[in-house]
Amino acid sequence: MSKRDDLIAKYASDLKDKCGMTPDMNLLTKVTVGCGPSIYNADASTVSGSDQSELETVKNSFLIKKLGLPNGSDLDQALAFVMDTYGRSNRNKYRAVVYYMLTKHFGKEAVYK
């Protein structure tokens with residue numbers, strides 16, 4: 001298995017074990033590929049749920065630019081929901097898993113087709 005395949009397996013495990021979701025492996029793979037080289041960097045591969053500036057970056061760079069969503073309070077609510085689902089006490093919230101959950105939450109799977 002490649003390093004990326006190992007990471008995708010780790011992300012799928014997080015979705016199952018920590019989030020209680022059965023991942024769509026095709027979508028998870030596409031979201032992971034979409035994250036680019038950041039998945040290989042220890043700092044960039046995770047999202048800090050308590051760092052407001054990082055959450056703003058996720059909102060602006062991913063939700064608004066990538067998924068094409070209009071800015072609004074529903075984006076902040078979705079981020080809070082995803083952080084709660086992933087577990088606020090969980091230190092390693094992988095960026096690909098957060099992006100996957102946000103994509104599913106907003107029904108924007110078509111962005112990755």
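Biologist: What does E56 count as at 29% relative accessibility?
Modeller: Buried means under 20% relative accessible area and exposed means over 50%, with partly exposed in between (1.4 Å probe, protein chains only). In this predicted model, E56 has a relative accessibility of 29%, so E56 counts as partly exposed.

Biologist: What pLDDT do side-chain atom pairs need in order to count?
Modeller: Residues are numbered from 1 along each chain as its sequence is written, and side-chain values use heavy atoms, with hydrogens and water left out. As this is a predicted model, local features need pLDDT of at least 70, totals for chains, interfaces and linings use all residues, and side-chain atom pairs count only at pLDDT 80 or more.

Biologist: Which residue meets E56 in a salt bridge at 3.7 Å?
Modeller: A salt bridge is a side-chain nitrogen of Lys or Arg within 4 Å of a carboxyl oxygen of Asp or Glu. The N to O distance is 3.7 Å, and the residue is K59.

Biologist: Which residue is linked with E56 and K59 in a network of salt bridges?
Modeller: A search of the whole structure finds six salt bridges. The network that holds E56 and K59 also takes in D76.

Biologist: Which residue forms a salt bridge with R95?
Modeller: Helices (H or I, at least four residues) and strands (E, at least two) are DSSP runs, numbered from the N terminus. R95 sits in helix 5 and its partner in helix 3, 41 residues apart, so the pair links distant parts of the chain. Both residues are buried. The closest N and O atoms are 3.0 Å apart, and the partner is E54.

Biologist: What N to O distance separates the side chains of D14 and K18?
Modeller: D14 counts as buried because its relative accessibility is 6%. K18, at 39%, counts as partly exposed. Their side chains meet in a salt bridge, with N to O at 3.4 Å.

Biologist: Where is S38 placed?
Modeller: S38 counts as buried because its relative accessibility is 18%. Apart from residues up to four places away in sequence, S38 touches A44, S45 and R95. S38 has its place in the loop between helix 2 and helix 3.

Biologist: What is the radius of gyration of the protein?
Modeller: The protein has five helices and zero strands. The radius of gyration is taken over C-alpha atoms, and the globule rule is 2.2 Å times the number of residues to the power 0.38. For 113 residues the rule gives 13 Å; the protein's value is close to that, so the protein is as compact as a globular protein of that length, at 13 Å.

Key: Contact means heavy atoms within 4.5 Å.
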